[in-house]
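Thanks for coming, everyone. Please look at the screen.

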Amino acid sequence: MKIHLKKTGTQERNFTEEEIKFANGDIHLSGVLFKPRNSEKSIPYVVLVHRSGWEDRETAWYHSLAYILASKGIGVLLYDKRGTGKSTGNFSLADFNDLSDDVASAYNYLKTRNDLNYSKVGFLGTSQGGWLVPMAANKVSDPGFAILVVGPAVSLYEQDINRVQYTLTDEGYSKESINSALDYSRLFFKYIESNKAKDWAALQKKASEIKGEKWIDYLDIPQSQTGEDVLWWRKNKYNPQEALSNIKCPVLSILGEKDVLVPPAENINKMETYLTKAGVKHKIVTIKDCSHDMITVNKTNTVEESWPQKYWQWQKQPDEFVNSIFEFIQQ
């Protein structure tokens with residue numbers, strides 16, 4: 001493949017960036033505010049909410065999304081998760097309630113900024129952020145909207161069991177292997193919930209039986225009864241049912257057709273049930289060919305044998321993804 005790169009003139013941004021700081025108790029959070037220029041009328045603002053792990057304002061997935069939305073005339077608050085970038089604290093020691101308080105604090109900070117001339121302030125959370133947004137929306141007054149990008153409608157434990165099942169299926173493992181892995185995962189969460197010696201013994205027995213399997217790296221194999229992984233799961237026993245069923249603002253749920261971490265088959269019906277119970281305007285969109293990162297999967301376009309009928313389709317973020325977000329916020 002030959003690629004020709006041509007340098008062009010710099011295009012002036014139609015937004016500015018402002019360094020900001022706000023607090024949640026003794027946790028001091030830092031970030032950046034993307035402010036569209038030349039806006040004579042009030043505009044919507046959105047708080048971007050992180051996935052799991054280390055995520056800050058420089059995380060490419062979030063920074064590019066903030067850039068796109070700001071270019072379209074939507075204000076964006078993108079902050080460093082606690083313990084990353086310029087924010088204090090430690091996200092690995094925080095539970096979902098702590099992290100959702102951080103999100104609510106970002107929202108409350110924006111509501112104090114009358115100079116922004118905002119029309120409404122809402123949330124956009126991705127993956128783990130999709131669990132945190134409904135919690136945060138229920139902690140603040142008058143949230144404008146909530147957008148859940150590959151945000152699960154199932155519990156944390158259910159989501160991990162789904163991850164094991166759909167990932168191993170996607171990797172081509174046999175039904176026997178998948179069932180064995182699922183048996184282990186169920187024993188793992190049984191122990192997490194019970195904290196009983198007999199359940200720990202059963203888990204250890206199963207772990208010894210599967211220790212030589214190629215797929216064992218997809219599982220959580222604790223080294224001790226009180227290891228950090230065990231304590232994290234126990235501390236974050238979370239089900240979004242209550243938060244979704246009581247949310248008070250319009251909700252957009254975006255899922256990826258090929259997502260093996262938050263598979264649509266396991267989440268759509270529950271999402272619809274909970275949001276219907278909440279009685280709010282909502283929309284559930286499944287983006288074709290997209291995986292968990294809202295990027296299409298690599299594939300060929302046809303079963304034909306040769307070029308030009310058959311060619312490789314590179315990964316990309318579909319226009320439908322950003323357009324769905326933009327149109328929902330505008331509505």
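R57 is buried, with a relative accessible area of 9%. Buried means under 20% relative accessible area, exposed over 50%, partly exposed in between (1.4 Å probe, protein chains only).

A word on the source. This is a predicted model, where local features need pLDDT of at least 70, side-chain atom pairs count only at pLDDT 80 or more, and totals for chains, interfaces and linings use all residues. Residues are numbered from 1 along each chain as its sequence is written, and side-chain values use heavy atoms, with hydrogens and water left out.

Which residue does R57 pair with in a salt bridge? The partner is E19, with the closest N and O atoms 2.9 Å apart. A salt bridge here is a side-chain nitrogen of Lys or Arg within 4 Å of a carboxyl oxygen of Asp or Glu. This pair links distant parts of the chain, 38 residues apart: E19 sits in strand 1, and R57 in the loop between strand 3 (43-49) and helix 1 (60-71). Helices (H or I, at least four residues) and strands (E, at least two) are DSSP runs, numbered from the N terminus. E19 is partly exposed, at 43%.

Now the strands. E19 stands opposite V32 in strand 2. Strands 1 (residues 15-24) and 2 (residues 27-36) run antiparallel, joined by 10 bridges; two strands pair if DSSP finds at least two.

Next, E18. This residue meets R113 in a salt bridge, 3.0 Å from N to O. R113 is buried, at 11%.

Last pair: D199 and K190, at 3.9 Å. D199 is buried, at 7%, while K190 is partly exposed, at 46%.
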